[in-house]
Amino acid sequence: MKATSSLLKANNPLSDTVKQKAVLDSREENVLSFDEKIKTFGFSPLRTSKTEILQINLGKMCNQVCDHCHVDAGPDRKEIMTKETMLDCLRVLKDSEIKTVDLTGGAPEMNPEFTWFVQEIHKLKKEIIVRSNLTYITSNKKNNSLPSFFKENSVTVISSLPCYTASNTDKQRGEGVFSKSIEALKLLNEVGYGKEGSGLNLHLVYNPGGAFLPPSQEKLKADYQRELNDGFDVVFNDLYTITNMPISRYLDYLLAIGKLEEYMDKLISSFNPSTVNTLMCLNTLSVGWDGKLFDCDFNQMLEMPLSSGVSQYIKEYNVALLEDRRICTGQHCFGCTAGAGSSCQGSIV
């Protein structure tokens with residue numbers, strides 16, 4: 001597959017979105033698109049089921065700059081969800097059967113309305129997930145209270161920890177991140193997170209550190225549990241393995257090392273039809289920091305809107321129009337269907 005050309009090099013002045021779409025959609029005639037691929041297995045067109053999860057991006061601001069970040073988040077990003085848009089989300093949640101609210105970013109805790117928003121969602125008796133990068137918890141003494149706040153509001157904490165060794169974690173996420181992450185995990189453990197019978201769920205996330213697919217989720221979980229418990233007296237509930245999507249910083253990384261075509265070939269050749277019926281886009285609706293709606297978090301970063309004729313913003317939410325809509329797909333979708341599959345809740349097979 002000859003996906004790249006001179007106009008798609010990492011230093012190209014084109015916008016990230018234009019570059020990403022061009023790279024991911026470029027292909028030889030004998031390479032099937034994602035829609036064509038799933039059609040051969042009787043799945044096309046891909047359509048949504050009932051929305052059970054509302055995934056909300058509270059902003060792209062983050063205290064870290066991770067190599068694999070598909071959001072291109074960092075301290076210099078100014079995109080932040082306003083309280084007005086949060087109120088629109090709350091109105092939808094109050095009147096809907098959506099069970100789970102998945103808060104992400106950037107670092108979602110950096111939104112100035114974060115604690116208020118979590119408390120309001122908790123009042124609606126929804127399951128709350130916060131995707132924490134861990135290091136924000138230990139960035140200052142005030143943030144050390146976040147584990148207790150999470151406990152008070154029955155939050156499930158999902159945290160990125162790409163390896164159980166300092167060298168591999170710091171290589172992907174920045175110098176000193178591993179030690180700060182361990183410190184945060186200990187603070188979470190102190191209030192009960194990750195401990196059997198506490199009801200306080202703490203899940204970790206593994207992202208590959210190179211151009212390869214994740215290993216077995218269950219085997220890696222056992223390795224993490226052994227190394228973190230024996231080495232640091234840290235416990236957690238589950239481990240999610242997530243495939244790196246070839247967009248944003250990870251796309252630039254693949255271009256820089258000349259591995260984009262090889263990685264895309266790997267994703268396509270590893271297509272697993274048994275993943276399609278459990279893809280996260282089937283029951284999850286993604287809300288951008290500005291209130292715009294997307295089929296998934298990855299489509300949000302590629303600025304791929306919902307199909308025409310349906311609500312495009314959370315303030316226009318109409319369940320009758322949104323359910324059973326056609327899902328917008330692209331070549332990056334092969335990342336979710338490769339091997340054991342990938343979702344925000346880990347492998348799906």
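Buried means under 20% relative accessible area, exposed over 50%, and partly exposed in between, with a 1.4 Å probe and protein chains only. Helices (H or I, at least four residues) and strands (E, at least two) are DSSP runs, numbered from the N terminus.

The model is predicted: local features need pLDDT of at least 70, side-chain atom pairs count only at pLDDT 80 or more, and totals for chains, interfaces and linings use all residues. Residues are numbered from 1 along each chain as its sequence is written, and side-chain values use heavy atoms, with hydrogens and water left out.

Next, display Phe 117. Leaving aside neighbours within four places in sequence, Phe 117 is in contact (heavy atoms within 4.5 Å) with Ile 56, Leu 58, Met 86, Cys 89, Leu 90 and Leu 103. In soluble globular proteins, nonpolar side chains tend to be buried together.

The whole structure holds eleven aromatic pairs. Rings of Phe, Tyr and Trp (its six-membered ring) pair if their centres lie within 6.5 Å; planes under 30 degrees apart count as stacked, over 60 as edge-to-face and the rest as tilted. Select Phe 114 and Phe 149: the ring centres are 6.3 Å apart and the planes stand at 55°, so this pair is tilted. The pair links distant parts of the chain, with Phe 114 in helix α4 (residues 114-123) and Phe 149 in helix α5 (residues 146-152), 35 residues apart. Phe 114 is buried at a relative accessible area of 1%, and Phe 149 also counts as buried, at 10%. Elsewhere, ring pairs link Phe 34, Phe 41, Phe 271 and Phe 334 into a cluster.

Then select Trp 116 together with Lys 83, which lies over the face of the Trp 116 ring at 4.5 Å from the ring centre. A charge sits over a ring if NZ of Lys or CZ of Arg is within 6 Å of the ring centre and within 35 degrees of the ring normal.

Continue to Asn 57, in strand β1 (residues 53-57). This residue is buried, with a relative accessible area of 1%. The C-alpha atoms of Asn 57 and Val 287 are separated by 6.1 Å, although the two residues are 230 apart along the chain. Residues up to four places away in sequence aside, Asn 57 touches residues that include Val 71, Thr 104, Val 287, Trp 289 and Asp 297.

The next stop is Thr 156, in strand β4 (residues 155-160). Thr 156 is buried at 9% relative accessible area. Not counting residues up to four places away in sequence, its contacts are Glu 127, Ile 128, Ile 129, Val 130, Asn 201 and His 203.

Finally, show the whole chain, with its 13 helices and eight strands. Of its 349 residues, 57% count as buried. Along the principal axes, the C-alpha trace spans about 55 × 45 × 40 Å. Among contacts between residues at least 6 apart in sequence, 72% join residues at least 24 apart.
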